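Thanks, everyone. Please look at the screen.

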Amino acid sequence: MSTIWRALEICARHGRLVLVAGLIAGISLPDLAQAMRPHLPWMVAVLLFFSAFRIGPSETLGQLTRLWRPLRDVVALQLLMPVLGFAVFTLAGVIDTVPALAVMLMLSAPSITGAPNFVVLAGKDPAPAMQILIFGTALFPLTVLPVLWLMQGAMPGAADVLAAAGRLVLVVALAVALGFGARVLLLPRPDATQTRQLDGVGVILLAIIVIGLMAGVAPLIATGWQAVGFWLAVVFAANFGLQLAVFLALRARTSQEVALSIIAGNRNVALFLVALPAATVDALLPFIACYQFPMYLTPLLLGWLHKRS
């Protein structure tokens with residue numbers, strides 16, 4: 001058993017490399033990725049449960065006396081950003097293109113469930129990221145309404161998106177409640193060693209999930225490397241561009257610039273896979289598949305930025 005605990009601490013210490021290993025496995029094992037894809041919703045729910053268990057209710061709920069902060073951040077991330085994106089794409093005359101649609105959906109989506117884990121890898125307090133994750137997911141059915149109205153000409157199936165958003169709210173609420181309850185009952189006051197071991201488990205869960213998320217990469221590669229290069233350019237520009245812009249804009253204004261910048265670029269765009277018409281989903285799959293690269297490379301490639309905070 002002591003060997004397992006040491007292995008978890010090693011995974012926590014080298015978490016960035018473990019995530020890269022997950023990406024490589026997702027590319028090199030396409031059959032495994034396809035087999036895991038149907039189970040992704042349950043796997044994401046387990047990750048969210050564990051994130052709540054790792055952080056604990058006191059760290060998350062203890063700061064909710066200032067509710068306006070996470071609410072303000074959610075409105076800025078999930079409402080103002082997509083509206084601004086819509087204006088930019090409309091002025092550029094590209095609002096009806098698939099890349100613009102994909103980026104708009106990304107901007108309107110809530111935080112990825114692994115955001116608190118990414119913040120832990122950056123060496124920062126994950127509680128603000130968990131707050132934004134909880135509030136952003138709960139408010140998503142409301143914040144997405146104006147975006148769907150703006151994009152109704154380019155994206156049918158708004159009612160299906162709202163239904164999926166409602167299901168997502170229920171899953172997040174249940175997973176977080178169970179995680180907080182388990183933390184209170186099983187590990188109310190973890191020491192530093194136990195916290196590192198929990199971080200190791202979180203990294204392993206992220207690396208496993210990314211294998212299933214990479215299921216769309218092999219079909220994209222089969223279409224040609226030119227298409228792969230195009231979509232990689234789109235997702236890195238959208239993800240890393242937002243992270244850099246938000247970090248630099250907030251660096252002198254708040255102590256939560258790392259959490260906010262990570263969430264700004266890393267959104268739960270996969271939510272729309274279960275909500276949109278099949279034709280729209282097929283068009284978005286290349287974006288969602290390639291989106292995993294900047295997402296899981298964030299701790300490795302932007303670690304230098306987080307250390308500057």
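Start with the lining of the largest cavity: six nonpolar residues, two polar and two charged. Keep in mind that this is a predicted model. Which residues line the largest cavity? They are Phe50, Arg54, Pro116, Asn117, Val120, Leu121, Leu198, Asp199, Gly202 and Val203. Three helices, α4, α8 (115–121) and α11, each supply at least two residues of that lining. The volume of the largest cavity is about 60 Å³. With a threshold of 30 Å³ or more, the count is one cavity.

Now the largest pocket. It holds about 950 Å³ of space. There are 41 lining residues, and Leu40, Pro41, Val44, Asn268 and Ala270 are the closest to the centre. Which elements give two or more residues to this lining? Those are α4 (40–55), α10 (158–186), α11 (192–213) and α15 (278–301). By class, the pocket lining splits into 32 nonpolar, six polar and three charged residues.

Last, the helix pair. Helix α6 spans residues 68–92, and helix α7 spans residues 98–108. They pack at an angle of about 160°, and their axes are 7 Å apart. Angles over 145 degrees count as roughly antiparallel, so α6 is roughly antiparallel to α7. The crossing of α6 past α7 is right-handed. On the α6 side, the contact uses Leu77, Gln78, Met81, Pro82, Gly85, Phe86 and Phe89. On the α7 side, Ala100, Val103, Met104, Leu107 and Ser108 take part. That contact has nine nonpolar residues, three polar and no charged ones.

How values were computed: Residues numbered from 1 in each chain as written. Predicted model: local features only at pLDDT ≥ 70, side-chain atom pairs only at ≥ 80, totals over all residues. Heavy atoms only, no water. Axes fitted to C-alpha atoms, helices over the stretch in contact; angles between N-to-C directions. Helix = DSSP H or I, 4+ residues; strand = E, 2+ residues; numbered from the N terminus. Parallel < 35°, antiparallel > 145°, perpendicular 65-115°, else oblique. Left-handed = near helix turned anticlockwise from the far one by under 90°. Contact = heavy atoms within 4.5 Å. Nonpolar A, V, L, I, M, F, W, Y, C, P; charged D, E, K, R; others polar. 1 Å grid on protein atoms, 1.4 Å probe; cavity = no way out; pocket = protein on both sides within 12 Å on 5 of 7 lines; lining within 4 Å. Points joined across faces, edges and corners; volume = space filled by probe spheres on them.
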